[in-house]
Amino acid sequence: MEVKNKQVILEDYIKGSPKESDMVVMTDRRIKLKVPDGVNGVVLKNLYLSCDPYVRNRMAKIENPSDASYASFTPGSAMFGFGVARVVDSSHPGLSAGNLVWGSIGWEEYSLNTKPETLFKIEHTDVPLSYYTGILGMHGLTAYVGFYEICSPKKGDRVYISSAFGSVGQLVGQFAKLMGCYVVGSAGSSEKVHLLKDKLGYDDAFNYKEEQDLDAALKRYFPDGIDIYFENIGGKMLDAVLLNMRPNGRIAVCGMISQYHREPEGVYNLMCLLYKQVRMQGFVVFNYYHLYQQFLNAVLPLIRSREIVYVEEMIHGLDNAPAALVGLNNSRNIGKQVIVVA
């Protein structure tokens, strides 16, 4: 059986911030709903897509990517990202028609995945399926690994999170609060600041766009310095944080959105790493997939008991995906942005 397959296509490699015109929604392409003979794979009916800042990076020409997961998209072909799907057909022994999975899927209605071993079978459906695009998927595991494995937190630590209302940041802050830490986050609007404090339980939060002096702002919220910084911004923000780190502090580098769409901002206070013996470590969540079951065992009970909450923003339809991505890169989203495909 062959059906039409609506897709979001990259027109050409981009420079700078993405525009809606950089993408086109194609409605005339078709796909067979059966795995080709001799191929180890699955055909997926895509249900939810994760709309993430890193997608913009893959829209640019990347020379010699360190991993296929960071390779450029191919102009004229469907874009890719994380999402949730239902298996339509499978030649893989570990998956059957009707199974629900999350992992890398196309920005399209249906996908043929020829690396089914990279997909995670969804076993727990008593929580919203969309959660597997975020809190129970790659973003949740990123928060878990970055905080617990990289930052080595202790009760009473002073924790600062930039981009704190993003898909990863909102979970890191709640992990820190559950551990008995003092937690402050920054975000790009007064609405997000309000939600950080009143919905997610942060001790305090501020709008970084309203601060003329980031160093002074951090000293206001952390008069005794910062033990843990969960890094999502880079540039001027990282520079100010370095001045405020406590001796033997830890910095987990999850992302650096300041470097994504413009000329990279320099960092000048790196000597603080030496003088204060601060450990700053980047990490890639794909290298920690072996911890996924451990992560699920820890987080699912917290979701069910409502000790952890998660804010999502639903965008309906692939036709609206280009506008969603542009809005995300301009910080217009509120919470984890999810594209509802079906």
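Reader: Which strands does helix α4 lie across, and at what angle does it run to β12?

Author: This is a predicted model, and the answer is read from its axes. Helix α4 (residues 190–198) lies across β11 (182–187) and β12, and it runs at about 175° to β12.

Reader: Which strands does helix α5 lie across?

Author: Helix α5 (residues 214–221) lies across β10, β11, β12 and β13. Its angle to β12 is about 165°.

Reader: In what order do the strands of that sheet stand, and which of them are at the edges?

Author: The sheet is open and has six strands, in the order β12-β11-β10-β13-β14-β15, with parallel pairing. The edges are held by β12 (204–207) and β15 (279–282); each has a single partner strand, so one side of each is left without a neighbour in the sheet. On average, neighbouring strands here are turned by 15° against each other, direction ignored.

Reader: How many bridges join β10 and β13, and which residue of β13 does Val159 stand opposite?

Author: Strand β10 (residues 158–161) and strand β13 (residues 226–231) are paired in the parallel sense over three bridges. Val159 has Ile228 of β13 opposite.

Reader: In what sense do β2 and β3 pair, parallel or antiparallel?

Author: β2 pairs with strand β3 (residues 23–26) in the antiparallel sense, over four bridges. Leu10 has Met23 as its bridge partner in β3. In strand β2 (residues 7–10), Gln7 and Ile9 point one way, while Val8 and Leu10 point the other way; all are buried.

Reader: Now helices. Which residues of a helix point the same way?

Author: An α-helix has 3.6 residues a turn, so residues three or four places apart point the same way.

Reader: How many residues of α3 are buried?

Author: Helix α3 (residues 169–178) has eight of its 10 residues buried, so it is largely enclosed by the rest of the structure. The buried ones are Gly169, Gln170, Leu171, Val172, Gly173, Gln174, Phe175 and Ala176. Their cover includes α2, β10, β11, β13, α8 and β17 (336–340). Just after α3, Gly180 takes a positive phi of about 90°.

Reader: Which residues other than glycine have a positive phi, and where do they lie?

Author: Ser152 is one of them, with a phi of about 45°; it is in the loop between α2 and β10. Its relative accessibility is 38%, so Ser152 counts as partly exposed. Gln277 has a positive phi near 55° and lies in the loop between α7 (271–275) and β15. With 58% relative accessibility, Gln277 counts as exposed.

Reader: At what angle do α2 and α8 pack?

Author: Helix α2 (residues 138–150) and helix α8 (residues 292–304) pack at about 90°, and their axes are 10 Å apart. The two are therefore roughly perpendicular to each other. On the α2 side the contact is made by Gly140, Leu141, Tyr144 and Glu149, and on the α8 side by Tyr292, Gln294, Phe295 and Ala298. By class, these are five nonpolar, two polar and one charged residues.

Reader: Is Gly140 of that contact buried or exposed, and what does it touch?

Author: Gly140, in helix α2, has a relative accessible area of 0% and is buried. Leaving aside neighbours within four places in sequence, Gly140 is in contact with Gly134, Ile135, Leu171 and Phe295. Gly140 and Val168 are 28 residues apart in sequence, with C-alpha atoms 6.3 Å apart.

Reader: Which residues have the most contacts inside the largest nonpolar core?

Author: They are Met59, Met79, Trp102, Trp107, Ile135, Leu136 and Leu325, in a core of 88 residues. A second, separate core has 21 residues, including Phe206, Tyr221, Ile233 and Met245. Not counting residues up to four places away in sequence, Ile135 touches Gly140, Leu171, Phe295, Val299, Ile303, Ile308 and Tyr310.

Reader: Which residues does Phe120 touch, and in which strand does it lie?

Author: Phe120 lies in strand β9 (residues 120–121). With residues up to four places away in sequence not counted, Phe120 touches Leu100, Val101, Trp102, Tyr289 and Tyr292. At 15% relative accessibility, Phe120 counts as buried. Its C-alpha atom is separated by 9.7 Å from that of Leu95, 25 residues apart along the chain.

Definitions and conventions: Residues are numbered from 1 along each chain as its sequence is written. This is a predicted model: local features need pLDDT of at least 70, side-chain atom pairs count only at pLDDT 80 or more; totals for chains, interfaces and linings use all residues. Side-chain values use heavy atoms; hydrogens and water are left out. A nonpolar core is a set of buried Ala, Val, Leu, Ile, Met, Phe, Trp, Tyr and Cys residues joined through side-chain atoms within 4.5 Å. Buried means under 20% relative accessible area, exposed over 50%, partly exposed in between (1.4 Å probe, protein chains only). Contact means heavy atoms within 4.5 Å. Two strands pair if DSSP finds at least two bridges between them. Axes are lines fitted to C-alpha atoms, for helices over the stretch in contact, and angles run from 0 to 180 degrees between N-to-C directions. Angles under 35 degrees count as roughly parallel, over 145 as roughly antiparallel, 65 to 115 as roughly perpendicular and the rest as oblique. Ala, Val, Leu, Ile, Met, Phe, Trp, Tyr, Cys and Pro count as nonpolar, Asp, Glu, Lys and Arg as charged, and the others, Gly among them, as polar.
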